[in-house]
Amino acid sequence: MEKSQKTIRKLLVFAAVIVLCGGVPHFLFGRGSFHAGYGYRSPYALETVFPSAIGDFHLVNRWQTALQEQVVEQVAIYQDVASNETAQFAIYLNAGAHNAAACYLARGMQMQSRRVEQLQTADSSAGFEIVSIVDQSVAGTNGASLLMATTECSGEKCTSRPLDFKAGPQLTWLKSNYVERNVASNELPVPLSITFESPGNSGNGQGQDQAEQHFRKLLSNFNLKPLRDLSAGK
Amino acid sequence: MSDRLPVSSISGDTHPVTSENSFVKSSVAFSGWPIFCAIFVVAALGLWWMITASQARVLWDIWTGSGLASVGILIPPASAILIALAWRDQEWNAGGTWWGLALCTFTLLMSAFVKGNGSPVVLVSTVKLHLLPMGLFVFLYVSGVVLLFGGYRAYRVALFPISLLLLINPAPSFFLAYVDLPLQYIGAHTARAFAGLVGVSLASDNLRLMFSPALGMFVAPGCNGLRGALTMGLLTLVVGYLYRMPVWLRLFYVVGGVVLAYLLNLVRLCGLVLCYRVALGFEPLARHMEAADYVLGSLIFLSGAVFVFALPRKWKSHRKQYANS
């Protein structure tokens, strides 16, 4: 009996501690929400994001894949009239930040060069990280120039998110997690990756320049507004 | 009411409590189910307030969104079951210590501080290393509750299952960046090298197919073997504990299990390259390559797991033989 009463006393003290040290901060600093706190974006129709033609390139295929519970991947493949050059456009919804170049490199492809560039699209100027990838054809023939351009769209603009930073380790205080920050600003980043493949000799400077020129031309006809609207939740 | 009541207070049975009674039974015996349930409810409420709904959502998304971290969803139930098993054959005077309350208070206050001021994070380029991860808070809080109501002995006996809670996010971002990504490189290069060895030309056209859903060798994240290796690591950790292996042997066992799982995955990748080579010239098979990947992966992992789990059983029978002789 005595032990039982002792346990009850202990439980009462414990409950008081829970209310004071757990409940009060919980209601003071915000409870968050299990369901609404993620800022989910429903994907636009594929034809809204990826039209049937971009400049001289025509649509070959476009599809949408639900990668997991909320992340949606929308992809479209375009080719030029002669079917020599191929461009693959991919966006990832509800995934937060996603640098597709990192995925390609992680799959064993080697990077030849990398730079951040401001490029003109159909409706705006946008920051892209452009990664040139070495063709790893085992046969070593028909090597192609492979370019990966990535950007991340918010409601206002599309900017590059570089693969890494060279700064050393630093201690910081993370106010809230990535998702919460974006929900607070009512924006969810929409990452876009473009893989551009052009025939020619790998490592050949002339072929590379020509591929970049064609890539710029293609991009100048692509509209980024749907991605910015998507990010802003319009 | 004495400290050691008959179980009749719980189940209607009139048999007295025996020495095999569990901690749960002895808890109930000294205080009854209502109090035991009240402890559970209050502790659960405190845990919910501590982690908050939005953090729970983040954890849920990690479990359901990341193939690598998805094994973390099994940690809480595994921990609960192992705690129950650890306490099943134990008997002690459930006294508890007020130090448990101090630990709970400290943990809740730390959590409140983090909510108000932010969580300390070491940033290395874009990689975050959380110095106070959620698993640490959960571990300290549960430790406090067990110490408060169960005491030192209850805590010592259940220390391993409680420590498992530290791994509720088994693949934090720094792990993904510094362990997962380099291993993805190795996995991808192994597959490529093997493809070259068996004469599969990875020309650019084939490379493009790699990124379409129709056909292609797509060495996706998770194919690096860490998903299997992480699962194998956790399983060997639990099995080693259940077989009461010595700590040094358990360490070898866990490391061996992880390495084996990783190597078996490289075998799987090479096997998959062979499958793709066949599928390139046989259209009906090409449609089922994803299923082939799952079948191949499951069979290889299962055979590895059977081998790994047979080891502690063998060790135990050897030890018994040695003791008898």
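Select chain A. Of its 234 residues, 37% count as buried. A residue is buried if 20 or more other C-beta atoms lie within 10 Å of its own, exposed if 12 or fewer, and partly exposed in between, with C-beta atoms placed from the backbone. This is a predicted model, in which local features need pLDDT of at least 70, side-chain atom pairs count only at pLDDT 80 or more, and totals for chains, interfaces and linings use all residues. Residues are numbered from 1 along each chain as its sequence is written, while chains are lettered from A and ligands numbered from 1 in the order in which they are written.

**Stop 1: chain A**

Switch to a cartoon view. Chain A has six helices and 10 strands. Helices (H or I, at least four residues) and strands (E, at least two) are DSSP runs, numbered from the N terminus. Now think about contacts (C-beta atoms, placed from the backbone, within 7 Å). Among contacts in chain A between residues at least 6 apart in sequence, 65% join residues at least 24 apart.

Select Glu152(A). It sits in strand E7, residues 145-153 of chain A. Is Glu152(A) buried or exposed? Glu152(A) is buried, with 25 other C-beta atoms within 10 Å. Glu152(A) and Leu227(A) are 75 residues apart in sequence, and their C-alpha atoms are 9.1 Å apart in space.

**Stop 2: helix H3 of chain B**

Go to chain B and select residues 33-51. This is helix H3, with 19 residues. The expected span of a helix is 1.5 Å times one less than its number of residues. For H3(B) that gives 27 Å, and its end C-alpha atoms are 27 Å apart, which agrees. Color the buried residues of H3(B): Ile39(B), Val42(B), Ala43(B), Gly46(B), Trp49(B), Met50(B) and Ile51(B). Step on to Thr52(B), which follows H3(B) and has a positive phi, near 65 degrees.

**Stop 3**

Two packed helices are described by the angle between their axes and the distance between the axes. Axes are lines fitted to C-alpha atoms, for helices over the stretch in contact, and angles run from 0 to 180 degrees between N-to-C directions.

Show H3(B) with H7(B). They pack at about 155 degrees, with axes 11 Å apart. That makes H3(B) roughly antiparallel to H7(B). Angles under 35 degrees count as roughly parallel, over 145 as roughly antiparallel, 65 to 115 as roughly perpendicular and the rest as oblique. Which residues meet? Ile39(B), Ala43(B), Leu47(B), Met50(B) and Ile51(B) in H3(B) meet Met134(B), Phe137(B), Tyr141(B), Val145(B) and Phe149(B) in H7(B). By class, this contact of H3(B) with H7(B) has 10 nonpolar, no polar and no charged residues. Ala, Val, Leu, Ile, Met, Phe, Trp, Tyr, Cys and Pro count as nonpolar, Asp, Glu, Lys and Arg as charged, and the others, Gly among them, as polar.

Next, show H6(B), residues 99-117, with H7(B), residues 134-149. Their axes come within 7 Å and cross at roughly 155 degrees. H6(B) and H7(B) are therefore roughly antiparallel to each other. Residues in the contact include Trp99(B) and Cys104(B) of H6(B), and Phe137(B) and Gly144(B) of H7(B). The contact of H6(B) with H7(B) divides into 11 nonpolar, five polar and no charged residues.

**Stop 4: a loop residue**

Select Leu167(B). It lies in the loop between helix H9 (159-163) and helix H10 (173-197) of chain B. Leu167(B) is buried, with 22 other C-beta atoms within 10 Å. Not counting residues up to four places away in sequence, Leu167(B) touches Gly72(B), Ile75(B) and Gly135(B). Ile73(B) is 94 residues from Leu167(B) in sequence and 9.9 Å away, C-alpha to C-alpha.

**Stop 5**

Show H12(B) and H13(B). Their axes come within 8 Å and cross at roughly 155 degrees. H12(B) and H13(B) are therefore roughly antiparallel to each other. The residues of their contact divide into eight nonpolar, six polar and one charged.

Select Arg244(B), in the loop between H12 and H13 of chain B. Arg244(B) has a positive phi of about 55 degrees although it is not a glycine. Arg244(B) is exposed, with 10 other C-beta atoms within 10 Å.

Finish on helix H15, residues 289-324 of chain B. Its 36 residues reach 53 Å from first C-alpha to last, close to the 52 Å expected. Buried here are Asp293(B), Gly297(B), Phe301(B), Ala305(B), Val308(B) and Pro312(B). What covers the buried residues of H15(B) includes H12 (226-242) and H13 (247-280) of chain B.

How values were computed: Contact = placed C-beta atoms within 7 Å.
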